[in-house]
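User: I'd like to go through a few labels and see what stands behind each one. Can you take my questions in turn?

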Amino acid sequence: MATFIVLLGPPGVGKGTQARILADAKKIAHISSGDLFRENIKNQTELGKHARSFIDKGELVPDDVTIGMIRERLSRPDCIPGAILDGFPRTPVQAVALEKMLAEFNGEVSVVPYITAPESVVVGRISGRWTCRLNGHVFHHMFNPPIKAGICDIDGSELYQRKDDEVETVTIRIRVYLEQTIPLVEYYRKSGKLIEINGAQSVEQVSKDLCAAVNI
Ligand code: AP5
Ligand code: MG
């Protein structure tokens, strides 16, 4: 049976950073709902235009749109052995939809690492983040600076600051997270799949703890 890892945690805690490291190390697919939306926005698709109106305000994109996008992504061949899900599910409705979809694809959620850090830490990480235009690689002006300012070390593309990383929007994203995503923590805790990871450590230490937790 294919195994899927669901990464939970507040905005800016390091889900994307850790998902990429784990996906590279274990050679499994990384599905980031935020990256998929940003790709659609960049390519000016209808989905992207619709999603943008929610993302720029710090709100969640409606469940039906998000679930449809993830269903399409899960149906691709690289997900047959399983995948790391980063940013999905984010509401109880999405979690139930995920279980149904995975049953169709002969898979299941094996473990749910829940990366936590105080609000001041996540705000500091988001405010210093620079994201690459081409592939969404992330840097931080203090904690993970690019070799050349404004240029991605990995693919040479331009680095930009996400519009939803502006202070007012971050406050809304954190509120939305507390209201709509925190209920998922209890949902997965009850299922026995939740493992808490201290995200207020170096990237390397979080990565070690995460690898030990997922045991793949
Ligand atoms: P999304 O892109 O998923 O945003 P998010 O959950 O707010 O998370 P971020 O991507 O901001 O942070 P991250 O945890 O990935 O941290 P990162 O690794 O970059 O979603 C964006 C929007 O899309 C949502 O607001 C919503 O509108 C929509 N959306 C997405 N999914 C949806 C869904 N399922 N349903 C509905 N709507 C959805 O790290 C942050 C910074 O910290 C970086 O600069 C990094 O270099 C640095 N850093 C990382 N780890 C460390 C560390 N250990 N120490 C020091 N610095 C670190
Ligand atoms: Mg991310």
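User: Where does Pro89 lie?

Analyst: Pro89 lies in the loop between strand S3 (82-86) and helix H5 (92-104). Helices (H or I, at least four residues) and strands (E, at least two) are DSSP runs, numbered from the N terminus. Before we go on: this is a predicted model, where local features need pLDDT of at least 70 and side-chain atom pairs count only at pLDDT 80 or more, while totals for chains, interfaces and linings use all residues. Residues are numbered from 1 along each chain as its sequence is written, chains are lettered from A and ligands numbered from 1 in the order in which they are written, and side-chain values use heavy atoms, with hydrogens and water left out.

User: What makes the peptide bond from Phe88 to Pro89 cis?

Analyst: Its omega, which is near 0°. Most peptide bonds are trans.

User: Why is the pair Tyr187 and Tyr188 called edge-to-face?

Analyst: Rings of Phe, Tyr and Trp (its six-membered ring) pair if their centres lie within 6.5 Å; planes under 30 degrees apart are stacked, over 60 edge-to-face, and the rest tilted. The count comes to one aromatic pair. In it, the ring centres of Tyr187 and Tyr188 are 5.1 Å apart and the planes sit at 85°, so edge-to-face it is.

User: How do you know which of these tyrosines is buried and which is partly exposed?

Analyst: Go by relative accessible area: buried is under 20%, exposed over 50%, partly exposed in between (1.4 Å probe, protein chains only). Tyr188 has 2%, so it's buried. Tyr187 has 28%, so it's partly exposed.

User: What about Gln44: buried or exposed?

Analyst: Exposed, because its relative accessible area is 61%. Gln44 is in the loop between helix H2 (33-42) and helix H3 (46-55), and its phi is near 55°, a positive value in a residue other than glycine.

User: How do you know that Arg133 lies over the face of Tyr160?

Analyst: The rule wants NZ of Lys or CZ of Arg within 6 Å of the ring centre and within 35 degrees of the ring normal. Arg133 lies over that face at 4.3 Å from the ring centre of Tyr160.

User: What makes Arg173 and Asp165 a polar contact?

Analyst: You need a pair of N or O atoms within 3.5 Å; within protein, one must be able to donate a hydrogen and the other to accept it, and residues adjacent in sequence count only if both atoms are side-chain atoms. The two side chains make theirs at 2.9 Å. Arg173 sits in helix H7 (residues 167-190) and has a relative accessible area of 12%, so it's buried.
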